[in-house]
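These are my notebook entries on a single chain. I set down what I looked up, in the order in which I looked it up.

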Amino acid sequence: MAGACCKCNFSLSVFKRSLSVAPRGCGSAPRSLLSCWRLGERALQEAARPSIALRPACFYRHSTFSCLSCQESMSESLRTCYLYLNQTSRSFAAVIQALDGELRHAVCIFYLVLRALDTVEDDMTIPMDKKVPMLNDFHTFLYQDEWRFTESHEKDRQVLADFPTISVEFRNLAKEYRDVISDICHRMGVGMAEFLEKKVGSMKEWDLYCHYVAGLVGIGLSQLFSASQLEDPEVGRDTEMANSMGLFLQKTNIIRDYLEDIQVGRAFWPQEAWGQFAGRLEDFAQPEKLDSALSCLNFLVTDALRHVPDVIAYLSRLQNQSVFNFCAIPQVMAIATLSTCYNNSMLFQGVVKIRKGQAVTLMMEATNMRAVQTIMAQYNQEILQKVSHTDPTRDKTLHILALIREKSAVSQSNLPSRTAHLSPMYLSAAMLLAALSWQYLSTTTAAQAQGTGDMKGQ
């Protein structure tokens with residue numbers, strides 16, 4: 001089994017989670033939850049346990065992993081895996097380093113295996129008669145010492161070209177980790193193959209599609225958490241709640257990126273939803289179709305919100321601080337994003353996103369259950385205030401908002417003060433981390449803007 005990283009005295013997690021997706025080429029290929037693991041770059045202080053005092057923090061660049069002693073304890077192939085992790089998602093490399101013990105290695109390999117699978121699915125140059133068997137059989141490659149694929153033209157093709165380095169570290173993991181990763185890889189590959197040439201029609205198919213590309217990731221991560229013994233076995237056994245965690249992120253992602261997807265020929269909104277309001281999905285981008293567009297948007301937001309009660313219940317079970325941060329932050333970012341999207345005509349004209357300062361605040365605050373409940377209640381109320389008396393989905397929306405309000409109800413008198421008991425050291429660290437977060441967000445925004453300009457110029 002891969003040796004656990006040393007227990008470092010210094011720990012800082014730099015979280016970058018995104019509900020936005022970089023252009024992935026033509027066609028409506030499935031969009032993996034790997035896409036959801038990027039929501040702007042931010043820095044967060046990680047506490048060892050909810051009841052343990054703040055640890056001192058150090059900052060490391062994306063090209064380095066944890067500390068020198070940790071690097072020295074790793075095999076050459078494992079160091080290479082972290083290098084690939086930094087290259088494919090430097091943000092997620094930082095998130096992993098906030099996880100405790102051997103769990104960080106298991107999640108690293110889990111990510112790289114799914115990244116390799118996703119790269120096969122994304123590569124439009126692979127003929128269909130070759131791609132479908134590869135997706136269906138990909139889990140078997142984990143146990144083949146020399147299997148690799150050198151014909152990919154995708155940007156992350158290195159994870160396929162050097163797959164033996166990843167697979168050997170997979171085989172070095174404990175059996176309980178291997179079983180989870182192999183099973184999820186198998187089920188996701190089969191699901192991707194199913195939806196390669198299949199459009200999302202019914203709401204039931206939308207749930208199934210999101211399960212394949214996102215819910216399975218939530219299930220797999222939950223099972224890894226339990227296998228590590230950092231979380232109770234029930235966290236891994238309750239696949240319904242774990243599935244909801246993934247579906248909530250994925251649906252938020254799809255809803256928000258309507259215009260981007262339409263512009264490159266992708267269609268992820270289910271026909272059963274948009275067919276009630278328009279003849280074609282593209283019609284919503286026309287100003288004269290705005291009323292219909294908003295009705296469909298609110299219908300889908302309401303559908304996504306039905307997963308929030310499960311999200312709250314799931315998070316309330318978590319005991320380990322590093323796992324809680326890992327799970328809670330993207331969920332509060334998602335409900336903030338949905339609140340911004342709800343009944344917002346700008347979604348059909350450009351990019352809709354939450355403010356940078358708002359994002360940093362969420363990242364800094366969502367580190368305990370009461371804070372998460374308060375955040376959920378806040379955005380639940382914001383959506384409630386936007387519900388129109390004439391919206392066709394009004395009754396359903398009000399019903400699910402009432403359920404969320406009940407689940408997120410917190411006695412304000414029992415909530416500890418956010419600042420009253422914070423030491424000057426904590427406040428200074430918080431200010432520094434917020435500044436770093438803002439810097440990262442600004443850099444990311446500039447890079448995205450440049451990328452968009454380059455695409456338009458082509």
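**Entry 1. Terms and model**

I take a nonpolar core to be a set of buried Ala, Val, Leu, Ile, Met, Phe, Trp, Tyr and Cys residues joined through side-chain atoms within 4.5 Å. Buried means under 20% relative accessible area, exposed means over 50%, and partly exposed lies in between (1.4 Å probe, protein chains only). The model is predicted: local features need pLDDT of at least 70, side-chain atom pairs count only at pLDDT 80 or more, and totals for chains, interfaces and linings use all residues. Residues are numbered from 1 along each chain as its sequence is written, and side-chain values use heavy atoms, with hydrogens and water left out.

**Entry 2. The core**

I looked up the largest nonpolar core and found that it has 129 residues. Those with the most contacts inside it are Phe138, Ile255, Trp269, Phe284, Tyr314 and Leu315. Helix α8, residues 203-227, gives the most to this core, with 14 residues. Helices (H or I, at least four residues) and strands (E, at least two) are DSSP runs, numbered from the N terminus.

**Entry 3. The chain as a whole**

I noted 19 helices and two strands in the chain. Of its 458 residues, 57% are buried. For contacts I use heavy atoms within 4.5 Å. Among contacts between residues at least 6 apart in sequence, 75% join residues at least 24 apart. The accessible surface comes to about 18900 Å², and carbon and sulfur atoms account for 53% of it; such areas come from the Shrake-Rupley method with a 1.4 Å probe, and for residues only the protein chains shown count as cover.

**Entry 4. Helix α14 and Tyr314**

I then turned to helix α14 (residues 308-317), where seven of the 10 residues are buried. They are Val308, Pro309, Val311, Ile312, Ala313, Tyr314 and Leu315. Leaving out residues up to four places away in sequence, Tyr314 touches Ser222, Phe225, Val235, Met241, Ala242, Met245 and Cys327.

How do α14 and α15 run relative to each other? Their axes come within 11 Å and cross at roughly 155°. Axes here are lines fitted to C-alpha atoms, for helices over the stretch in contact, and angles run from 0 to 180 degrees between N-to-C directions. The two helices are therefore roughly antiparallel, a label for angles over 145 degrees. The crossing is left-handed, which is to say that the near helix is turned anticlockwise from the far one by less than a right angle. Val308, Val311, Tyr314 and Leu315 in α14 meet Phe324, Cys327, Ala328, Gln331 and Ile335 in α15.

**Entry 5. Ser222**

Ser222 is found in helix α8 and is buried, with a relative accessible area of 1%. Ser222 and Gly236 are 14 residues apart in sequence and 4.7 Å apart, C-alpha to C-alpha.

Is Ala273 buried or exposed? Ala273, in helix α12 (residues 271-274), is buried at 0% relative accessibility. Setting aside residues up to four places away, Ala273 touches Met203, Cys296, Phe299 and Leu300.

Ser295 lies in helix α13 (residues 290-305) and is buried, at 12% relative accessible area. Beyond neighbours within four places in sequence, Ser295 contacts Phe277, Asp391, Pro392 and Thr393. Ser295 and Pro392 are 97 residues apart in sequence, yet their C-alpha atoms are 6.6 Å apart.

**Entry 6. Helices α17 and α18**

I looked up α17 (residues 369-386) and α18 (residues 394-407), whose axes come within 9 Å and cross at roughly 155°. They are therefore roughly antiparallel, and the crossing is left-handed. Gln373, Asn380, Ile383 and Leu384 in α17 meet Leu398, Leu401, Ile404, Arg405 and Lys407 in α18.

**Entry 7. Positive phi**

Most residues other than glycine have a negative phi. I recorded two residues with a positive value. Gln229 has phi near 70°; this residue is in the loop between α8 and α9 (233-237) and is exposed, with a relative accessible area of 71%. Asn343 has phi near 55°; this residue lies in the loop between α15 (321-341) and α16 (356-365) and is partly exposed, at 31% relative accessibility.

Definitions and conventions
Parallel < 35°, antiparallel > 145°, perpendicular 65-115°, else oblique.
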